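Good morning, and thank you for the time.

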Amino acid sequence: MKRCLYCQEAIYLRVTWNNVVQLNSPSSLCELCEEKLEWIEGKRCVVCSRESPANCCYDCKRWSEFYNGKDPLIRNYSLFTYNDFMKELITTWKYRGDYVLGTIFQDVFKQQYKKNYSFIMKQAIVLPIPLSEERLLERCFNQAAMLGQFISNDVQIGLSRTLSEKQAKKSRFERITMKNPFKQTERLNKPVVLVDDIYTTGRTLRHAAQLLTENGCPEVYSLTLCRA
Amino acid sequence: MKKIIQLFKQRQKRDMDKTCSSSVKYNEQLILDKEQLQQYAARYDGKLLLEEEFYLPTSLFTLLVREKIITPTPSITASFFTTTCKRCHQSEPQYFATIHCARCEKPHLYCRSCIRMGRVMECTPLYEWTGPPMNWPVHRAPCSWQGELTKAQQHAANRMVKTFEARCSLLIWAVTGSGKTEMLFPTITAALETGKRICIASPRADVVRELVPRLQAAFSSIPIQGLYGGSRDNDGTAQLLVSTTHQLLRFKHAFDLLIIDEVDAFPYHQDLTLQFAASRARKEESSLVYLTATPRKIQRQQMAMNQLDYVFVPARFHGHLLPVPKFIYCAKLQERLVSDELPKEFIHWLHTRKKPSRQLLVFASTITLANKLTEVLQTLFQHDYALHQLQYNITSVHAGDEKREEKVAAFRRHDYHVLITTTILERGVTFPSVDVAVLDASHDVFDEAALVQISGRAGRSQADPTGEVVFFHDGKTNSMVKAQADIMKMNRRAREKIVGEDE
């Protein structure tokens, strides 16, 4: 019997033509948990993927001003809103270290990558946001690298993290004014798709993007699981 | 990736160098410093921990391992068919998954069952203390409690002391409000006087939080610690521990006396890993006491077949009978509750309570219903003249409530007059003078044990030994009828006993 990866309840599959012919692989969550995942739907900000009626949201305008009209991050695409269920799921996955929970998103993450970044897929480099060495040894895996491996077989490491402060507990002001925690270890001359788990203020991704564009990278995009 | 691994190896090397150079010093210290070793023994003897849980500097830790004071044991063992986590003893395959570990660069298993207590991985062992064992101090007359036990309590307490001396197990079946905690005092005293280690475990964190201050008051000179997820002092170094059953997973052969309060409560009664943890936490020669007001089927069978010694305490400590629940039928109760409408029977009951000064505890079947009821009742109290004059304050609690502890404490201080709760407050908590109402008692969450426990919240003090218990329902269920019959049966036995004592 198959069980829900998150709540361990038994999953009873309804037999339909789709799963008889094995067109789509069955979900690893039960129906109840699946319902609690909140997809970002409807009109969204073109830059940061937040659900908003305006074409470009207020935060992104501020970012554009911050960088004098040259926002290093051209576009971010997120799949889910960061609701309470997602928060819990990501805490168990990332902080408690329940590694397999990441595989819930394997298929959808790949699908959305293909759908939204088809125009650069062939030449683009997939670059997960790195963890600091200390944090990696503590957690034993990098959640962003795991997401990166879902969409590409050739995940690169062009960055390294020097500062290892946790972002999650900072205020917006502290985040915006913090120093760039990254260092570039390799020169990349192709467009880059950054991969991370959560887009909160966009600070981390823009730090990385800024560094990459300064060192000759033509375009930086990003794909994240959640938009907080 | 490679770079990171290189860095890690460098760091390991550096650490090794450090320990080599400082080990000589430590060796000298170890020989000299037995006191320090006893301090470590108090912290780590009888525990089964991951390396992160030691909170020792790496150099000292490696030294202790090398001196065989701390010994590693494999954390996950895989035989041909089954995999077992050595901490929680889980062996169901769905609780194991593979992680691509960055520390050892290999994919291997980890346990998902006890991941909330810190991840157990195949590549990192569990450690136990094999150094000199901890000698717990002997206390003289540790009990500072002045009260007196009733006859029934004294009888049970004597049996318990005997069990403790004979190193066997006993079940105490005592009705709600019979003063179980006080019955424990003679046994705890006996254990402390002989320098033994004691743990009182309960499946509920609320019970732990309530027990600690009561015990501290009774044993004022003894250090007592309460262990539960997120508790403040959680190093578990005290001689007398109060702990949730989950926290017992970190112990191995630690206690001479283990008391499990509310054995029949969720999640202990159906979680085999917790039952395993409890049996492992005891020393090989130790005594075990179960406390319950509502034994489950398994325990009843064991008692009937003489496999488990037991004492039955039918009377409450103040000698009054248990309040018997009253059933009030409300047509279409569920539909009405969903559409924000209070049943008129409930409102009528609010108006006609015998003692309106009593606080009111309302049990709701679900969290959403509890929240909804709060709003609806608040508007009712504003608009209804008779109730408005009483100036009731309302709040609600449920398992996920961040302010749960505060709200319960505020209710105890009489800051709130009405508390709406889910089944989390069904057991182990004492409010001196309350009336109890269950809204939608026909719901599945209220099983027989839960309903008996809920009824037992009323009339728990000497000053106000009675209280009203009302089940609002839209169709009697087996659990309701059984619960009522159970309570009446216990009352009958109590009456017989009281009459018997008079003769």
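Predicted model: local features only at pLDDT ≥ 70, side-chain atom pairs only at ≥ 80, totals over all residues.

Residues are numbered from 1 along each chain as its sequence is written, chains are lettered from A and ligands numbered from 1 in the order in which they are written, and side-chain values use heavy atoms, leaving out hydrogens and water.

What joins the side chains of B:Arg353 and B:Asp435? They meet in a salt bridge, at 3.0 Å from N to O; the term stands for a side-chain nitrogen of Lys or Arg within 4 Å of a carboxyl oxygen of Asp or Glu. B:Arg353 lies in the loop between helix H10 (344-351) and strand E16 (359-364) of chain B, and B:Asp435 lies in strand E19 of chain B, so the pair ties together parts that are 82 residues apart in sequence. Helices (H or I, at least four residues) and strands (E, at least two) are DSSP runs, numbered from the N terminus.

A further salt bridge joins B:Asp464 and B:Lys355, at 3.5 Å from N to O. Because B:Asp464 is in the loop between H14 and strand E20 (469-473) of chain B and B:Lys355 is in the loop between H10 and E16 of chain B, this pair ties together parts that are 109 residues apart in sequence. B:Asp464 is buried, at 6% relative accessibility, whereas B:Lys355 is partly exposed, at 36%.

Next, B:Arg296 forms a salt bridge with B:Asp447, and their closest N and O atoms are 3.6 Å apart. B:Arg296 sits in the loop between strand E13 (282-292) and helix H8 (297-304) of chain B, and B:Asp447 in the loop between strand E19 (434-439) and helix H14 (448-455) of chain B, so parts 151 residues apart in sequence are tied together. B:Arg296 is partly exposed, with a relative accessible area of 22%, and B:Asp447 is partly exposed at 28%.

There is also a network of salt bridges that links B:Arg204, B:Glu262, B:Asp264, B:Glu426 and B:Arg427. Over all chains, the count comes to 29 salt bridges.

**Where the chains meet**

How many residues does each chain bring to the contact? Chain A brings 17 residues and chain B brings 20 residues, contact being heavy atoms within 4.5 Å. About 1,900 Å² is buried between chain A and chain B, and carbon and sulfur atoms give 56% of it; buried area is the accessible area (1.4 Å probe) that two parts lose on being put together, summed over both. A:Arg96, A:Leu137 and A:Cys140 supply 33% of the area that chain A buries against chain B, more than any other three residues.

One salt bridge is found across this interface. In it, B:Arg112 pairs with A:Asp98, with the closest N and O atoms 2.9 Å apart. On the side of chain A that touches chain B, helix H6 (residues 133-139) of chain A gives the most, with five residues.

**Strands**

In chain B, an open sheet of three strands has the order E1-E7-E2, with antiparallel pairing. Its edge strands are E1 (48-49) and E2 (70-73) of chain B, each pairing on one side only. Two strands pair if DSSP finds at least two bridges between them. E1(B) and strand E7 (residues 126-129) of chain B are joined by two bridges, and B:Leu48 has B:Glu128 as its bridge partner in E7(B).

In chain A, strand E3 (residues 75-81) is largely enclosed by the rest of the structure, because six of its seven residues are buried. Six bridges join E3(A) to strand E8 (residues 220-227) of chain A, and the two run parallel.

**Cysteines**

How many disulfides does the structure hold over all chains? The number is zero, a disulfide being a pair of cysteine sulfur atoms within 2.5 Å. The sulfur of A:Cys4 has its closest cysteine sulfur in A:Cys7, at 3.6 Å, too far for a bond. For B:Cys104, the closest cysteine sulfur is that of B:Cys101, at 3.8 Å, again too far for a bond. A:Cys4 is buried, at 1% relative accessible area, while B:Cys104 is partly exposed, at 28%.

Note on methods: Buried < 20%, exposed > 50% of the residue type's maximum accessible area, 1.4 Å probe, protein only.
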